Amino acid sequence: MTTLRIAGGRVLRPDATVERADVLVDSESGTITAVGDPDEVPEGDETLSAEDGLVMPGLVNAHTHAAMTLLRGYADDKELDAWLQEDIWPVEAELTPEDVRAGTDLGLLEMIRSGTTAFADMYFHEEQVVDAVEDAGLRARLGYGIVTVGKDEDGAREDCEQSLATARKFDGAAAGRVKTAFMPHSLTTVGEEYLREYVSKARDDGIPLHYHANETEDEVDPIVEAEGERPLEYARELDMTGASDSVAHGVHLDGTEIDLLAETGTAVVHCPASNMKLASGMAPVQDMLDAGVTVGLGTDGAASNNDLDLFDEMRDAAMVGKLAANDASAVPAESVVRMATEGSADALGFDSGRVAEGANADLAVVDLDAPHLTPHHDLVSHLVYAARGSDVRHTLCDGAVLMRDREVLTMDAEDVRERAEERAAAAVERAE
């Protein structure tokens, strides 16, 4: 066993308390073996300094489209449907597998540098994403996104088959750091006949589901009019609300749907920055938390955010959560940190998101020696309201150090940026 001791700092424990402690990691199994008083934690084969820092669970971005970093800043300030149909989808139709790899690499570099250790990705050419995850050292729940609207029978079935094949082939890849899911884009962009047939096949194989739901009123109203029921009631009839499933956004939920989510164990991934930028609405996050729904946090794609920094996302979640509830005490800092760590990890089915013995050694060390993080009255408050991704000093996943003292060890940052710049410009030129 090769061990790594993270020493000299403070540690954020699962109950949201902070204490002076060291953390011992088994680099071979990728798990935490000890957390406690520095005098009681065994010496490690190697040491990583956390002096003047806070050891916290690695952040988990539970909903994104990593390769959309190539479209960052390409089209802004439009509503969702027009933005997708007029700007995003035409460029995405031009993306090659090499483009997706370049965009994904850029996304992973950004996530590592801001303390994210796991994420969920819905896109296409997912074999490129699997390779990128394996090389970068992160953990991920991956799936091929299905859209059947506008496609003929053969095209629609090809999409569904591709999503199933991707989920079956890559589950357990990257030494077990990759898990997969069946990923219909949404309840309105995939035909009911395909959902009924292929969700059943996914269930037969024990494959979980991840899809967009209730993001905008335009995704709710057509289902209510056609089916006479709310979207998640419709989803439950299609067997799409299991305990291993998660839905992204969940903005326009009524009380019946919140109760349904709590009853079935289906998780919601809150994406506040994207919801605000696309004017999708304000999700009832405090109501979901009160009902016992598992709530995680995601950035969505960089084209609708426009970054993958979960510290930004935590601040947004707290702020808009108070506005939505008209209550300054709603969605407090402790709840938001839990959403971005343990909540997101639970949504994706990872034993991560907590600094505790036996959990995955997915960790971030935040440098507290900065003017905007001084004084240290409440470090949980700082993580939500004051910290930035650039405050992360070290990032570890599966017991391996991915970034040490701001230097990413698993990727060539300059090469990643150059390839992304070139690929993004070429894709836009082809589309226009």
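# Notebook: a predicted protein chain

**Overall form.** I began with the radius of gyration, which is taken over C-alpha atoms, with a globule rule of 2.2 Å times the number of residues to the power 0.38. The protein chain has 432 residues, for which a compact globule would have a value near 22 Å; the chain has 21 Å, which agrees. I noted that this is a predicted model, in which local features need pLDDT of at least 70, side-chain atom pairs count only at pLDDT 80 or more, and totals for chains, interfaces and linings use all residues. Residues are numbered from 1 along each chain as its sequence is written, and side-chain values use heavy atoms, with hydrogens and water left out.

I then looked up the box that holds the C-alpha atoms: along the principal axes it is roughly 65 × 45 × 40 Å. For secondary structure I recorded 14 helices and 20 strands; helices (H or I, at least four residues) and strands (E, at least two) are DSSP runs, numbered from the N terminus.

Buried means under 20% relative accessible area, exposed over 50%, and partly exposed in between (1.4 Å probe, protein chains only). I also looked up contacts, meaning heavy atoms within 4.5 Å. Of those with a separation of 6 or more, 72% are between residues 24 or more positions apart.

**Glycine 58 and threonine 117.** I located glycine 58 in the loop between β7 (53-57) and β8 (59-64). Glycine 58 counts as buried because its relative accessibility is 1%. Leaving out residues up to four places away in sequence, I listed its contacts as Gly115, Thr117, Thr341, Asp362, Leu363 and Ala364.

Beyond its neighbours within four places in sequence, threonine 117 touches several residues, including Gly58, Leu138, Asp362, Leu363 and Cys397.

**Helix α4.** Among the buried residues of α4 I noted Gly155, Asp159, Cys160, Leu164 and Phe170. The buried residues of α4 pack against α3 (126-136), β10 (139-146), β11 (178-180), β12 (183-184) and α5 (192-204). Just after the helix, I saw that glycine 172 takes a positive phi of about 90°.

Valine 147 lies in the loop between β10 and α4. I recorded that valine 147 touches Asp159, His185, Thr189 and Val190, not counting residues up to four places away in sequence.

**Backbone details.** I looked for cis peptide bonds. One joins asparagine 305 and asparagine 306, with omega about 15°; asparagine 306 is in the loop between β16 (295-297) and α11 (310-325). Another runs from threonine 374 to proline 375, with omega near 0°; I placed proline 375 in the loop between β17 (363-367) and α13 (379-385).

I also noted histidine 125, which has a positive phi of about 55° although it is not a glycine. Histidine 125 is in the loop between β9 and α3, and counts as partly exposed because its relative accessibility is 23%. Alanine 279, also not a glycine, has a positive phi of about 55°. I placed alanine 279 in the loop between α9 (272-277) and α10 (285-291); at 61% relative accessibility, alanine 279 counts as exposed.
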